[in-house]
Amino acid sequence: MAVKIARQQKKIALIGAPSSAAAFLPGSEKAPAALRAAGILEHLQNAGFEVIDHGDCAPRHFAEDDEHRRARNLTEIVAGLTDLKLRAEVAVKSGALVLVLGGDCAQIIGLLTGARRYYRHLNLLWMDRDADLNTPATTPSGRIDGMVVAHIIGKGAPELVRFWGEPPLVREPDIFLFGIERLDPPEGEFLAHSPMRHMIAADVQRKSAAAAAKDALTHLHADAREYVVNLDTDIISNNDFPAVNVPAEGGLPLADVRAALTEAVRSKNLVALILSQYNPDKDPDGSSAKKLVDLLVEALSARLEDQGSPVPSPAEPTSQENVPATSAGEETA
(Lines give C-alpha, C1' and ligand atoms only; values in the text may rest on other atoms or scores of the structure.)
Protein backbone atom coordinates (compact mmCIF):
# COMPACT_ATOMS: atom_id res chain seq x y z
CA MET A 1 0.00 0.00 0.00
CA ALA A 2 1.37 3.42 -0.97
CA VAL A 3 2.56 5.69 1.82
CA LYS A 4 2.41 9.46 1.44
CA ILE A 5 5.57 11.05 2.77
CA ALA A 6 5.36 14.80 3.33
CA ARG A 7 8.93 16.04 3.17
CA GLN A 8 9.75 18.79 5.62
CA GLN A 9 12.25 21.48 4.61
CA LYS A 10 13.00 22.49 8.19
CA LYS A 11 13.51 19.00 9.61
CA ILE A 12 16.72 16.99 9.55
CA ALA A 13 17.07 13.38 10.66
CA LEU A 14 20.66 12.87 11.84
CA ILE A 15 22.30 9.43 11.76
CA GLY A 16 25.91 8.46 12.50
CA ALA A 17 27.48 5.63 10.50
CA PRO A 18 30.87 5.09 12.19
CA SER A 19 32.66 2.73 9.84
CA SER A 20 36.12 2.29 8.37
CA ALA A 21 35.48 -1.34 7.38
CA ALA A 22 35.51 -0.53 3.66
CA ALA A 23 38.24 2.10 3.86
CA PHE A 24 41.95 2.20 3.05
CA LEU A 25 42.95 3.23 6.58
CA PRO A 26 41.47 3.18 10.07
CA GLY A 27 40.09 6.41 11.48
CA SER A 28 36.91 7.27 9.55
CA GLU A 29 34.88 5.30 12.10
CA LYS A 30 35.58 8.24 14.44
CA ALA A 31 34.02 10.82 12.10
CA PRO A 32 30.47 10.94 13.53
CA ALA A 33 31.76 11.46 17.07
CA ALA A 34 34.20 14.17 15.91
CA LEU A 35 31.49 16.03 14.00
CA ARG A 36 29.12 15.78 16.94
CA ALA A 37 31.86 17.14 19.20
CA ALA A 38 32.34 20.02 16.73
CA GLY A 39 28.69 20.95 17.30
CA ILE A 40 26.94 19.77 14.15
CA LEU A 41 23.60 19.26 15.91
CA GLU A 42 23.65 22.56 17.77
CA HIS A 43 24.77 24.53 14.71
CA LEU A 44 21.93 23.06 12.62
CA GLN A 45 19.45 23.93 15.34
CA ASN A 46 20.82 27.47 15.59
CA ALA A 47 20.42 27.82 11.81
CA GLY A 48 16.69 27.12 12.19
CA PHE A 49 16.38 23.36 11.66
CA GLU A 50 14.48 20.94 13.83
CA VAL A 51 16.92 18.05 14.25
CA ILE A 52 15.80 14.55 15.14
CA ASP A 53 18.83 12.58 16.31
CA HIS A 54 18.62 8.88 15.47
CA GLY A 55 21.95 8.17 17.14
CA ASP A 56 24.94 6.27 15.81
CA CYS A 57 25.13 2.77 14.39
CA ALA A 58 27.56 0.34 16.01
CA PRO A 59 31.19 1.05 15.00
CA ARG A 60 32.66 -1.08 12.19
CA HIS A 61 36.43 -1.18 11.98
CA PHE A 62 39.13 -1.35 9.32
CA ALA A 63 40.83 -4.72 8.92
CA GLU A 64 43.41 -5.97 6.43
CA ASP A 65 41.50 -9.24 5.84
CA ASP A 66 44.23 -10.84 3.76
CA GLU A 67 42.09 -13.96 3.33
CA HIS A 68 39.85 -12.00 0.96
CA ARG A 69 42.28 -9.81 -0.91
CA ARG A 70 39.89 -8.85 -3.70
CA ALA A 71 36.99 -7.83 -1.44
CA ARG A 72 38.15 -7.23 2.09
CA ASN A 73 36.09 -7.15 5.27
CA LEU A 74 32.72 -7.94 3.70
CA THR A 75 31.12 -9.48 6.78
CA GLU A 76 31.77 -6.37 8.85
CA ILE A 77 30.65 -4.09 6.02
CA VAL A 78 27.34 -5.91 5.57
CA ALA A 79 26.68 -5.77 9.32
CA GLY A 80 27.13 -2.00 9.26
CA LEU A 81 24.89 -1.59 6.22
CA THR A 82 22.14 -3.59 7.90
CA ASP A 83 22.23 -1.30 10.94
CA LEU A 84 22.13 1.87 8.83
CA LYS A 85 19.37 0.53 6.57
CA LEU A 86 17.02 0.07 9.53
CA ARG A 87 17.67 3.57 10.88
CA ALA A 88 17.37 5.08 7.40
CA GLU A 89 13.96 3.49 6.85
CA VAL A 90 12.60 5.19 9.97
CA ALA A 91 14.25 8.51 9.13
CA VAL A 92 13.06 8.59 5.50
CA LYS A 93 9.49 7.76 6.46
CA SER A 94 9.45 10.75 8.85
CA GLY A 95 9.75 13.17 5.91
CA ALA A 96 12.85 14.86 7.30
CA LEU A 97 15.96 15.31 5.19
CA VAL A 98 18.22 12.44 6.22
CA LEU A 99 21.78 13.54 7.03
CA VAL A 100 24.21 10.65 7.51
CA LEU A 101 27.58 11.31 9.08
CA GLY A 102 29.83 8.57 7.58
CA GLY A 103 32.37 6.72 7.81
CA ASP A 104 33.48 5.02 4.69
CA CYS A 105 31.82 5.42 1.28
CA ALA A 106 30.20 1.98 1.38
CA GLN A 107 27.69 3.20 3.98
CA ILE A 108 25.64 4.78 1.21
CA ILE A 109 24.48 1.30 0.19
CA GLY A 110 22.67 0.99 3.52
CA LEU A 111 21.20 4.49 3.15
CA LEU A 112 19.98 3.90 -0.40
CA THR A 113 18.51 0.54 0.55
CA GLY A 114 16.58 2.13 3.41
CA ALA A 115 15.29 4.89 1.13
CA ARG A 116 14.31 2.42 -1.57
CA ARG A 117 11.91 0.91 0.98
CA TYR A 118 9.68 3.88 0.13
CA TYR A 119 10.88 5.18 -3.24
CA ARG A 120 10.76 2.90 -6.23
CA HIS A 121 13.41 4.94 -8.04
CA LEU A 122 16.17 7.19 -6.74
CA ASN A 123 18.77 9.27 -8.52
CA LEU A 124 22.27 9.84 -7.15
CA LEU A 125 24.64 12.81 -7.28
CA TRP A 126 28.10 11.42 -6.48
CA MET A 127 30.45 14.23 -5.41
CA ASP A 128 33.85 12.58 -5.21
CA ARG A 129 37.34 12.77 -6.67
CA ASP A 130 37.07 9.04 -7.51
CA ALA A 131 34.52 7.21 -9.64
CA ASP A 132 34.62 4.10 -7.38
CA LEU A 133 33.80 1.89 -10.36
CA ASN A 134 36.33 -0.88 -9.79
CA THR A 135 35.08 -4.40 -9.15
CA PRO A 136 36.63 -7.46 -7.52
CA ALA A 137 37.95 -8.38 -10.96
CA THR A 138 39.71 -5.03 -11.50
CA THR A 139 40.57 -3.81 -7.99
CA PRO A 140 44.15 -2.81 -7.25
CA SER A 141 43.49 -2.77 -3.49
CA GLY A 142 40.62 -5.03 -2.51
CA ARG A 143 39.12 -2.15 -0.52
CA ILE A 144 35.37 -1.78 -1.05
CA ASP A 145 35.62 2.01 -0.87
CA GLY A 146 37.02 1.91 -4.40
CA MET A 147 34.07 -0.09 -5.72
CA VAL A 148 30.97 1.47 -4.19
CA VAL A 149 29.37 2.89 -7.34
CA ALA A 150 30.00 -0.40 -9.13
CA HIS A 151 28.05 -2.21 -6.42
CA ILE A 152 25.25 0.37 -6.51
CA ILE A 153 24.73 -0.39 -10.21
CA GLY A 154 24.85 -4.14 -9.59
CA LYS A 155 28.44 -5.13 -10.38
CA GLY A 156 30.71 -6.75 -7.82
CA ALA A 157 30.59 -8.89 -4.68
CA PRO A 158 27.27 -10.75 -4.31
CA GLU A 159 26.99 -9.83 -0.63
CA LEU A 160 26.69 -6.16 -1.61
CA VAL A 161 25.06 -6.41 -5.03
CA ARG A 162 22.22 -8.41 -3.48
CA PHE A 163 21.95 -6.33 -0.34
CA TRP A 164 18.99 -4.80 -2.14
CA GLY A 165 17.03 -7.74 -3.47
CA GLU A 166 16.65 -6.53 -7.06
CA PRO A 167 19.83 -4.87 -8.32
CA PRO A 168 20.61 -2.25 -9.31
CA LEU A 169 20.03 0.05 -6.37
CA VAL A 170 20.35 2.98 -8.79
CA ARG A 171 20.39 2.70 -12.58
CA GLU A 172 23.42 3.92 -14.51
CA PRO A 173 21.55 6.75 -16.32
CA ASP A 174 20.35 8.01 -12.93
CA ILE A 175 23.85 8.60 -11.50
CA PHE A 176 25.99 11.69 -12.05
CA LEU A 177 29.68 11.60 -11.06
CA PHE A 178 30.64 15.15 -10.11
CA GLY A 179 34.19 16.47 -9.79
CA ILE A 180 36.07 13.26 -10.55
CA GLU A 181 39.82 13.37 -11.23
CA ARG A 182 41.20 9.90 -10.55
CA LEU A 183 40.22 7.07 -12.85
CA ASP A 184 41.85 3.67 -13.09
CA PRO A 185 42.04 2.43 -16.72
CA PRO A 186 39.16 -0.09 -16.30
CA GLU A 187 36.99 2.67 -14.83
CA GLY A 188 37.72 4.98 -17.76
CA GLU A 189 36.91 2.19 -20.20
CA PHE A 190 33.64 1.52 -18.42
CA LEU A 191 32.58 5.17 -18.43
CA ALA A 192 33.36 5.45 -22.14
CA HIS A 193 30.54 2.98 -22.83
CA SER A 194 28.15 3.74 -19.98
CA PRO A 195 25.07 6.00 -19.94
CA MET A 196 26.30 7.27 -16.57
CA ARG A 197 27.03 11.01 -16.76
CA HIS A 198 30.16 12.55 -15.29
CA MET A 199 31.98 15.87 -15.04
CA ILE A 200 35.66 16.15 -14.23
CA ALA A 201 36.94 18.65 -11.68
CA ALA A 202 38.53 20.88 -14.32
CA ASP A 203 35.18 21.32 -16.07
CA VAL A 204 33.47 22.06 -12.77
CA GLN A 205 35.89 24.95 -12.26
CA ARG A 206 35.66 26.09 -15.88
CA LYS A 207 31.86 26.35 -15.69
CA SER A 208 31.78 27.65 -12.10
CA ALA A 209 30.86 25.19 -9.40
CA ALA A 210 27.31 26.43 -8.91
CA ALA A 211 26.54 26.30 -12.64
CA ALA A 212 28.11 22.84 -12.91
CA ALA A 213 25.98 21.57 -10.03
CA LYS A 214 22.85 22.99 -11.67
CA ASP A 215 23.76 21.15 -14.89
CA ALA A 216 24.22 17.91 -12.98
CA LEU A 217 20.87 18.32 -11.25
CA THR A 218 19.21 19.02 -14.60
CA HIS A 219 20.58 15.75 -15.97
CA LEU A 220 19.23 13.99 -12.87
CA HIS A 221 15.79 15.63 -13.30
CA ALA A 222 16.04 16.79 -9.69
CA ASP A 223 13.07 19.11 -10.19
CA ALA A 224 10.81 16.08 -10.62
CA ARG A 225 12.57 13.03 -9.13
CA GLU A 226 13.84 12.08 -5.70
CA TYR A 227 17.59 11.93 -5.30
CA VAL A 228 20.43 11.38 -2.82
CA VAL A 229 23.73 13.27 -2.58
CA ASN A 230 27.02 11.65 -1.56
CA LEU A 231 29.75 14.08 -0.49
CA ASP A 232 33.15 12.43 -0.25
CA THR A 233 35.43 14.89 1.50
CA ASP A 234 38.41 14.01 -0.69
CA ILE A 235 36.76 16.03 -3.45
CA ILE A 236 38.04 19.06 -1.51
CA SER A 237 41.54 20.31 -2.29
CA ASN A 238 44.16 18.92 0.04
CA ASN A 239 45.29 22.49 0.70
CA ASP A 240 41.89 23.25 2.20
CA PHE A 241 41.07 19.89 3.71
CA PRO A 242 43.89 17.38 4.36
CA ALA A 243 42.04 15.07 6.80
CA VAL A 244 41.17 12.32 4.30
CA ASN A 245 42.37 8.77 3.74
CA VAL A 246 43.86 9.22 0.27
CA PRO A 247 45.17 12.79 -0.11
CA ALA A 248 46.54 13.98 -3.43
CA GLU A 249 47.19 17.12 -5.41
CA GLY A 250 44.20 18.62 -7.16
CA GLY A 251 40.61 18.56 -6.00
CA LEU A 252 38.20 21.46 -5.80
CA PRO A 253 38.72 24.49 -3.58
CA LEU A 254 36.52 24.45 -0.49
CA ALA A 255 34.64 27.51 -1.78
CA ASP A 256 33.73 25.63 -4.98
CA VAL A 257 32.54 22.59 -3.03
CA ARG A 258 30.41 24.88 -0.86
CA ALA A 259 28.86 26.52 -3.93
CA ALA A 260 28.14 23.18 -5.59
CA LEU A 261 26.75 21.58 -2.44
CA THR A 262 24.50 24.58 -1.79
CA GLU A 263 22.88 24.06 -5.18
CA ALA A 264 22.73 20.30 -4.70
CA VAL A 265 20.75 20.43 -1.46
CA ARG A 266 18.19 23.14 -2.29
CA SER A 267 15.58 20.97 -3.92
CA LYS A 268 12.60 19.60 -2.02
CA ASN A 269 13.20 16.33 -3.88
CA LEU A 270 16.44 15.73 -1.98
CA VAL A 271 15.83 12.68 0.22
CA ALA A 272 19.22 12.33 1.89
CA LEU A 273 22.78 13.63 2.10
CA ILE A 274 25.64 11.43 3.26
CA LEU A 275 29.13 12.60 4.19
CA SER A 276 32.08 10.23 3.90
CA GLN A 277 35.86 9.84 4.17
CA TYR A 278 36.65 12.43 6.83
CA ASN A 279 39.36 10.92 9.05
CA PRO A 280 39.73 12.49 12.53
CA ASP A 281 43.06 10.70 13.01
CA LYS A 282 44.44 13.23 10.51
CA ASP A 283 42.76 16.17 12.24
CA PRO A 284 44.45 16.43 15.65
CA ASP A 285 43.28 19.97 16.37
CA GLY A 286 39.73 19.47 15.09
CA SER A 287 40.02 22.25 12.51
CA SER A 288 38.84 20.05 9.65
CA ALA A 289 35.81 18.96 11.65
CA LYS A 290 34.89 22.60 12.17
CA LYS A 291 35.26 23.25 8.42
CA LEU A 292 32.91 20.37 7.65
CA VAL A 293 30.33 21.53 10.15
CA ASP A 294 30.45 25.05 8.70
CA LEU A 295 30.23 23.67 5.15
CA LEU A 296 27.19 21.51 5.92
CA VAL A 297 25.34 24.18 7.88
CA GLU A 298 25.97 26.91 5.31
CA ALA A 299 24.91 24.73 2.40
CA LEU A 300 21.86 23.27 4.09
CA SER A 301 20.68 26.70 5.21
CA ALA A 302 19.81 27.37 1.57
CA ARG A 303 16.87 25.01 2.10
CA LEU A 304 15.37 27.50 4.54
CA GLU A 305 15.35 30.33 2.01
CA ASP A 306 12.29 28.95 0.24
CA GLN A 307 9.94 27.43 2.77
CA GLY A 308 6.78 26.30 1.12
CA SER A 309 4.29 23.88 2.53
CA PRO A 310 5.38 20.24 2.96
CA VAL A 311 5.63 18.39 -0.34
CA PRO A 312 3.50 15.24 -0.45
CA SER A 313 5.40 12.52 -2.24
CA PRO A 314 3.91 9.17 -3.20
CA ALA A 315 6.26 6.51 -1.91
CA GLU A 316 5.63 2.82 -2.06
CA PRO A 317 7.04 0.45 0.53
CA THR A 318 8.44 -2.54 -1.28
CA SER A 319 8.88 -6.08 -0.11
CA GLN A 320 12.60 -6.32 -0.86
CA GLU A 321 14.77 -7.89 1.81
CA ASN A 322 18.53 -8.05 2.14
CA VAL A 323 19.83 -11.21 0.52
CA PRO A 324 23.48 -11.60 1.53
CA ALA A 325 25.23 -14.24 -0.54
CA THR A 326 27.58 -16.78 0.94
CA SER A 327 30.62 -16.29 -1.27
CA ALA A 328 33.22 -13.66 -0.50
CA GLY A 329 33.40 -10.91 -3.07
CA GLU A 330 36.03 -8.22 -3.46
CA GLU A 331 36.69 -4.58 -4.01
CA THR A 332 38.82 -1.89 -5.50
CA ALA A 333 40.47 1.32 -4.61
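Which residues does Ser 288 touch, not counting residues up to four places away in sequence?

**Entry 1. Ser 288**

I began with this contact list in a predicted model. Ser 288 touches Phe 241, Pro 242, Ala 243, Tyr 278 and Asp 283, with residues up to four places away in sequence not counted. I located Ser 288 in helix H11. I then looked up its accessibility: because its relative accessibility is 5%, Ser 288 counts as buried.

**Entry 2. Confidence**

I looked up the pLDDT values before going further. The chain has a mean pLDDT of 92, and 91% of its residues reach 70 or more. One is residues 308–314, for which the model has 20 contacts beyond four places in sequence. Another is residues 319–333, for which the model has 75 such contacts.

**Entry 3. H2 against H11**

I returned to H11 and examined its packing with helix H2, residues 40–47. I recorded an angle of about 25° and axes 10 Å apart. Angles under 35 degrees count as roughly parallel, so H2 is roughly parallel to H11. H2 passes H11 in a right-handed crossing. On the H2 side I listed Ile 40, His 43, Leu 44 and Ala 47; on the H11 side, Val 293, Leu 296, Val 297 and Leu 300. By class, this contact has seven nonpolar residues, one polar residue and no charged residues.

**Entry 4. H3 against H4**

I next examined helix H3 (residues 74–93) and helix H4 (residues 107–116). Their axes come within 7 Å and cross at roughly 40°. That angle makes H3 oblique to H4. The crossing of H3 and H4 is right-handed. From H3, the contact is made by Gly 80, Leu 81, Leu 84, Lys 85, Ala 88, Glu 89 and Val 92. From H4, the contributing residues are Gln 107, Ile 109, Gly 110, Leu 111, Thr 113, Gly 114 and Ala 115. I sorted the residues of this contact by class and found seven nonpolar, five polar and two charged.

How many of the residues of H4 are buried? I found 10 of its 10 residues buried, and H4 is thus mostly covered. The buried residues include Ile 108, Leu 112 and Arg 116.

**Entry 5. Val 78**

I stayed with H3 and looked up Val 78, which has its place in that helix. Is Val 78 buried or exposed? Its relative accessible area is 11%, so Val 78 is buried. Leaving aside neighbours within four places in sequence, I found Val 78 in contact with Glu 159, Leu 160 and Phe 163.

**Entry 6. H10**

Lastly, I looked up helix H10, residues 254–264. Its buried residues are Leu 254, Val 257, Ala 260, Leu 261, Thr 262, Glu 263 and Ala 264. Against which elements do the buried residues of H10 pack? Among strands, I noted E4 (123–127), E5 (175–180), E7 (227–232) and E8 (270–276). Among helices, I noted H9 (209–219) and H11 (287–300).

Methods. Residues are numbered from 1 along each chain as its sequence is written. This is a predicted model: local features need pLDDT of at least 70, side-chain atom pairs count only at pLDDT 80 or more; totals for chains, interfaces and linings use all residues. Side-chain values use heavy atoms; hydrogens and water are left out. Buried means under 20% relative accessible area, exposed over 50%, partly exposed in between (1.4 Å probe, protein chains only). Helices (H or I, at least four residues) and strands (E, at least two) are DSSP runs, numbered from the N terminus. Contact means heavy atoms within 4.5 Å. Axes are lines fitted to C-alpha atoms, for helices over the stretch in contact, and angles run from 0 to 180 degrees between N-to-C directions. Angles under 35 degrees count as roughly parallel, over 145 as roughly antiparallel, 65 to 115 as roughly perpendicular and the rest as oblique. A crossing is left-handed if the near helix is turned anticlockwise from the far one by less than a right angle, and right-handed if clockwise. Ala, Val, Leu, Ile, Met, Phe, Trp, Tyr, Cys and Pro count as nonpolar, Asp, Glu, Lys and Arg as charged, and the others, Gly among them, as polar. pLDDT is the predictor's confidence in each residue, from 0 to 100.
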